[in-house]
Amino acid sequence: MEMKEQIARWFAWLQSATSKEEERLARVYSDGRQLWASDGYSLHALDVATEKNGRVTVSEDGTLQVDEIGDIPSFATTMPQGEPIASVVISAARLKQAAEGQEGLVRLNLYGSGQALELSSAGKYALVMPVTEVEEWWFWRPGSEVT
């Protein structure tokens, strides 16, 4: 995949988490170390360092452009605190397949670390089996301090 196409996909995914109601959360931001977007209920972040703080757009030539501003909203309040009660590693493709068939509100049930993830909604059910033998370093989590 061409880098221009990859950036467009990343940006579209980030934009899908922006707010339609609140102006400050209607944009994608960079804190210099990562890109992120949030509507206050969900957060999407990407491990791409721009070394600039500000609003992010995609330029006409398909590259990321940061309009530097000092006062960007904090996403730290969206991040969960403490340790998770359970951790399940699953295939992104299988999770997407299971979630696509659900409608309305979806319940996620976790039965413990390394056990299956259960999704259910009105009349629909999916069970996604865990993946074993994974390395911790495969997984990234955004930092919340502005540099």
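**Core, rings and pocket in a predicted model**

Setting aside neighbours within four places in sequence, Ala17 touches Ala37, Ser38, Asp39, Ser42 and His44, where contact means heavy atoms within 4.5 Å. The model is a predicted one, so local features need pLDDT of at least 70 and side-chain atom pairs count only at pLDDT 80 or more, while totals for chains, interfaces and linings use all residues. Residues are numbered from 1 along each chain as its sequence is written, and side-chain values use heavy atoms, with hydrogens and water left out.

Ala17 and Ala37 also turn up in the largest nonpolar core, which has 10 residues in all: Phe11, Leu14, Ala17, Val28, Leu35, Ala37, Leu46, Val48, Val56 and Val66. Such a core is a set of buried Ala, Val, Leu, Ile, Met, Phe, Trp, Tyr and Cys residues joined through side-chain atoms within 4.5 Å. Buried here means under 20% relative accessible area, exposed means over 50%, and partly exposed is in between (1.4 Å probe, protein chains only). Helix H1 (3–15) and strand S2 each supply at least two residues of this core; helices (H or I, at least four residues) and strands (E, at least two) are DSSP runs, numbered from the N terminus.

On to the rings. Rings of Phe, Tyr and Trp (its six-membered ring) pair if their centres lie within 6.5 Å, with planes under 30 degrees apart called stacked, over 60 edge-to-face and the rest tilted. That rule gives 3 aromatic pairs. In one of them, Trp36 and Phe75 sit 5.1 Å apart, centre to centre, and are tilted, with 50 degrees between the planes. Trp36 belongs to S2 (residues 35–38) and Phe75 to the loop between strand S5 (64–68) and helix H2 (92–100), so this pair ties together parts 39 residues apart in sequence.

What about the backbone? Most residues other than glycine have a negative phi. Glu51, however, has a positive phi near 65 degrees; Glu51 lies in the loop between strand S3 (43–46) and strand S4 (53–58) and is exposed, with a relative accessible area of 74%.

Finally, the largest pocket holds about 1600 Å³ of space. A pocket is an open set of points on a 1 Å grid over the protein atoms alone, where a 1.4 Å probe fits, with protein on both sides within 12 Å along at least five of seven lines; lining residues have an atom within 4 Å of a point. The volume is the space filled by probe spheres set on the points, which are joined across faces, edges and corners. The lining has 31 residues, with Ser87, Val88, Phe139, Trp140 and Arg141 nearest the centre.
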